[in-house]
Amino acid sequence: MSTFEIRPYHPTDLTALYRICLGTGDSGQDATHLYNDPDVIGHYYAAPYAVLEPELAFVLTHNGHAIGYVLGAADTAAFGHRCETEWFPPLRARYAMPAEDDTSRDANMIRAIHRGHRREENDAAYPAHLHIDILPAGQGMGWGKRLIQTLADAMRHQGIPGVYLGVGRRNANAVGFYQHVGFHTLQEEDWGYVFGMRLGT
Ligand SMILES: CC(C)(COP(=O)(O)OP(=O)(O)OC[C@H]1O[C@@H](n2cnc3c(N)ncnc32)[C@H](O)[C@@H]1OP(=O)(O)O)[C@@H](O)C(=O)NCCC(=O)NCCS
């Protein structure tokens, strides 16, 4: 029998988060073949959320194994500051800034690690942001919608008024999903969209 479940993140899920992040890291498709270092993408997009804000991290399991997650940061500016002091310093020491002519995916992620999770302007109506990724075994069955609902409920519980996310134009599947589950466009950029959802708190 095939059993799916959404449950809160536990620290023992951390390696699975790295795997899921890499397995969906090419605009929703498997990015394993694109990276020399399998961890570099998860260092930026997945692990700091679960480590720094575990109360806003939930996993989807299939027969007990984590195959998806939704990860939130309650206050994007505060999260960016905490990453600067608690998360990025050892990574910046470990991963030297790549040469300017290095256009590899690894190099681009390492540049992001050196840049940090900074946000230019902060919108008080949408202080939180999220990431959601599910491996193919859990896609298309309503679990993504339930993960978003689970995180939205946890954010409402914290009194958070709104949440946003960024999605690349190439990821047409995710763009359609977000629009379908209640996100609207806050900004359109060359690279894609910033979508937002009010949480009614
Ligand atoms: C994008 C993703 C999170 C969606 O989760 P999912 O479990 O596949 O989607 P669900 O089955 O929960 O879909 C929920 C609803 O959205 C609809 N939907 C899903 N994809 C859609 C699309 N491309 N266009 C329109 N509607 C869509 C579904 O039909 C469903 O509608 P219903 O509630 O009326 O039945 C998931 O496919 C995924 O993780 N993909 C790979 C990683 C990724 O792209 N992450 C996002 C990075 S920004």
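Predicted model: local features only at pLDDT ≥ 70, side-chain atom pairs only at ≥ 80, totals over all residues.

**The shell around the ligand, and the sheet**

Residues are numbered from 1 along each chain, as its sequence is written. When I say helix or strand, I mean DSSP runs numbered from the N terminus, with H or I over at least four residues for helices and E over at least two for strands.

Besides α7, which covers 172-180, β4 and α6 are also among the elements that each supply at least two residues of the shell. There are 20 residues around the ligand, and those that come nearest are Gly-28, Ile-134, Gly-144, Gly-176 and His-180; a residue is near a molecule here if its C-beta atom, placed from the backbone, lies within 6 Å of it. By type, the shell divides into eight nonpolar, 10 polar and two charged residues, where Ala, Val, Leu, Ile, Met, Phe, Trp, Tyr, Cys and Pro count as nonpolar, Asp, Glu, Lys and Arg as charged, and the others, Gly among them, as polar.

Now to the sheet: in what order do its strands lie? Seven strands form an open sheet with mixed pairing, in the order β1-β2-β3-β4-β5-β7-β6, and two strands pair if DSSP finds at least two bridges between them. At the edges are β1 (4-8) and β6 (184-188), each of which pairs on one side only. Neighbouring strands are turned against each other by 25° on average, direction ignored, with axes taken as lines fitted to C-alpha atoms, for helices over the stretch in contact, and angles running from 0 to 180 degrees between N-to-C directions.

Going through the pairs, β3 (residues 65-73) and β4 are antiparallel over six bridges, and Leu-71 faces His-131 of β4. Helix α1 (residues 14-23) packs on the sheet and touches β3 and β4, its direction making about 85° with that of β3; contact means that the C-beta atoms of two residues, placed from the backbone, lie within 7 Å.

By contrast, β4 (residues 128-134) and β5 (residues 162-168) run parallel and are joined by two bridges. Between them the chain passes through helix α6 (residues 143-157), in a β-α-β crossover that is right-handed, meaning that, with the strands pointing away from the viewer, the path from the first strand over the helix to the second runs clockwise.

Further along, β5 and β7 (residues 192-198) are antiparallel with seven bridges, and Tyr-164 stands opposite Gly-196 of β7. Four bridges join β6 to β7, again in the antiparallel sense, and a hairpin of three residues connects these two strands.

Finally, consider Ser-27, in the loop between α1 and α2 (40-45), which has a positive phi of about 50° although it is not a glycine. Is Ser-27 buried, exposed or partly exposed? Ser-27 is partly exposed, because 15 other C-beta atoms lie within 10 Å, the cut-offs being 20 or more for buried, 12 or fewer for exposed and partly exposed in between, with C-beta atoms placed from the backbone.
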